[in-house]
Structure formats: structure tokens, C-alpha cells
Amino acid sequence: ALKVAKENAKRNEVSHQIEFLCGDLFAPLKNKDLQGKIDCVVSNPPYVSQDEFERLPREVRDFEPILALKTEEEGTSFHRRIIEGALTFLKKGGLLALEVGLGQANKVADLIRNKKELESPAIKKDLGGIERMVITFRIVR
């Protein structure tokens with residue numbers, strides 16, 4: 001993914017404006033003095049459980065990178081970790097947008113509702129009418 005991102009940045013002549021980092025979620029940001037300074041966190045984390053993975057269409061299951069799709073738990077484990085990390089790094093008013101799997105929107109929205117630092121989430125549908133994005137903002141106080 002980083003290789004493709006670097007190629008895209010070079011092609012669009014913005015590579016001098018970007019620092020590419022690799023690591024486990026927010027870990028690469030920890031020593032960068034960015035706590036409370038990030039404008040937005042947008043993520044399409046792995047959200048397919050093992051059971052769901054077996055039922056995916058062949059063109060997805062056999063050709064997409066497994067690490068980008070599958071999670072060992074019920075599908076929202078990465079969402080939990082991203083929400084927690086976002087609380088550390090998002091500035092007040094900062095955006096958090098998470099892609100979710102089929103049937104996961106309300107579960108992820110509930111995780112957000114349990115955080116007093118985040119606004120009530122909005123759930124957005126994709127072009128197929130499936131609840132696909134959960135969006136919130138860090139409360140400004």
C-alpha cells in the first residue's frame with residue numbers, strides 16, 4: 001500500500017508534502033508530537049470475520065489481500081482500536097470516518113456513542129444502499 005501511495009504522490013507531484021509512515025495503526029505517530037493535532041482520521045480497516053470471509057464472492061476472497069479484509073474477531077476489533085487512537089490524536093472538531101461491513105454500522109456507532117469526547121455518529125449508506133460509513137467529530141469544548 002505504501003509503495004502505491006508513494007507512486008501516486010510522485011505522479012501527482014506532492015511527494016515532497018507527505019511523510020509516509022508504516023506501523024500498527026497509530027504507533028508511528030506516537031513520537032511525532034501530534035496528540036490533539038490531527039484534522040481527520042479516515043479508515044477502511046479489515047472488518048470481515050472468519051465466517052464472513054468464507055462466504056465472500058470469489059473475486060473478492062481470492063484476489064484481495066487477506067490482511068486488508070479479514071479480522072480474527074467479530075469484525076469490529078480494528079474499529080475499537082481506531083476509535084481509541086483517534087481520541088488521542090484528533091484535534092477538537094476533528095473528523096473520524098470509518099468504513100464498516102454489512103450489519104456492523106450500529107455496533108460501531110454504539111462504540112462511538114460510549115465516548116463522551118465524540119459527537120453522536122452519523123451512518124451513511126453506499127451506492128448499493130448498505131450502511132457503510134460511520135462518521136463523527138471530536139467534540140469542541
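A disulfide is taken here as a pair of cysteine sulfur atoms within 2.5 Å, and a search of the whole structure by that criterion returns zero disulfides. The structure is a predicted model, in which local features need pLDDT of at least 70 and side-chain atom pairs count only at pLDDT 80 or more, while totals for chains, interfaces and linings use all residues. Residues are numbered from 1 along each chain as its sequence is written, and side-chain values use heavy atoms, with hydrogens and water left out.

With buried meaning under 20% relative accessible area, exposed over 50%, and partly exposed in between (1.4 Å probe, protein chains only), C22 is exposed at 68%, whereas C40 is partly exposed at 42%.

As for confidence, pLDDT is the predictor's own estimate for each residue, on a scale from 0 to 100, and the protein chain averages 92, with 100% of the residues scoring at least 70. Helices (H or I, at least four residues) and strands (E, at least two) are DSSP runs numbered from the N terminus; among these elements, confidence is lowest in helix α2 (residues 50-55), with a mean of 80, and highest in strand β3 (residues 122-125), at 98.

The interior is described by nonpolar cores, each a set of buried Ala, Val, Leu, Ile, Met, Phe, Trp, Tyr and Cys residues joined through side-chain atoms within 4.5 Å. The largest of them holds 20 residues, of which F26, V41, I83, L96, V108 and V134 touch the most other members. At least two residues of this core come from each of β1 (38-43), α5 (77-89), β2 (90-99) and α6 (105-113). Taking contact as heavy atoms within 4.5 Å, V41 touches F26, I82, L90, L95, L96 and A97, when residues up to four places away in sequence are not counted.

Charged side chains complete the picture. A salt bridge requires a side-chain nitrogen of Lys or Arg within 4 Å of a carboxyl oxygen of Asp or Glu, and by this rule the count comes to eight. In one of them, R81 pairs with D24, the closest N and O atoms being 2.6 Å apart. This pair links distant parts of the chain, since R81 belongs to helix α5 and D24 to the loop between α1 (2-11) and β1, 57 residues apart. R81 is partly exposed at 36% relative accessible area, and D24 is partly exposed at 46%. Another salt bridge joins R132 and D126 at 3.2 Å, N to O; here R132 counts as buried at 16% relative accessibility, whereas D126 is partly exposed at 26%. E117 forms a salt bridge with K116, with the closest N and O atoms 3.7 Å apart; E117 counts as partly exposed at 24%, and K116 as exposed at 61%.
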